[in-house]
Amino acid sequence: MPAEDSFRRLDDDDFPAYTMGRAAAMLGITPAFLRALGEERLITPLRSEGGHRRYSRYQLKIAARARELVDQGVAVGAACRIVVLEDQLEEARQINEDLRNAPSPSRPRAGA
């Protein structure tokens, strides 16, 4: 793989670039917390050829949000559900915005 392609992958939020240990260290959490998020199906890490978990930047953002909620006293399972609902709400808002900004189709005239 050319070096240029490798560098582009690092800009991809969905590229699983981080090992469990590195991801946990970056977020200031334990690997057990990441495993708990996986058990709750909030994030599903990809696996390396050796079977090791690999996390993307997007997954780390999700895990960081779950940690914020847990730090506020929310149970892990409830925090995961909240994060999923927040993500769904943001997606719905984006769809609404896209529809508002889309050109409206021309309407046929009555009697035409």
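Ser 56 lies in the loop that links β3 (53-55) to α4 (57-71); helices (H or I, at least four residues) and strands (E, at least two) are DSSP runs, numbered from the N terminus. The model is predicted, so local features need pLDDT of at least 70 and side-chain atom pairs count only at pLDDT 80 or more, while totals for chains, interfaces and linings use all residues. Residues are numbered from 1 along each chain as its sequence is written, and side-chain values use heavy atoms, with hydrogens and water left out.

With a relative accessible area of 3%, Ser 56 is buried (under 20%; over 50% is exposed and in between is partly exposed, with a 1.4 Å probe and protein chains only). Leaving aside residues up to four places away in sequence, Ser 56 touches Asp 13, Asp 14, Phe 15, Pro 16 and Tyr 18, a contact being heavy atoms within 4.5 Å.

Next comes the sheet. Strands of a sheet pair through backbone hydrogen bonds, either parallel or antiparallel. Here, 3 strands in the order β1-β3-β2 form an open, antiparallel sheet, where pairing requires at least two DSSP bridges between two strands. β1 (18-19) and β2 (46-47) are at the edges with a single partner strand each, so one side of each has no neighbour in the sheet. β2 and β3 are joined over 2 bridges, and Arg 47 stands opposite Arg 53 in β3.

In the packing of α4 with α5, residues of α4 including Tyr 58, Ile 62 and Leu 69 meet residues of α5, among them Val 76, Ile 82 and Val 83.
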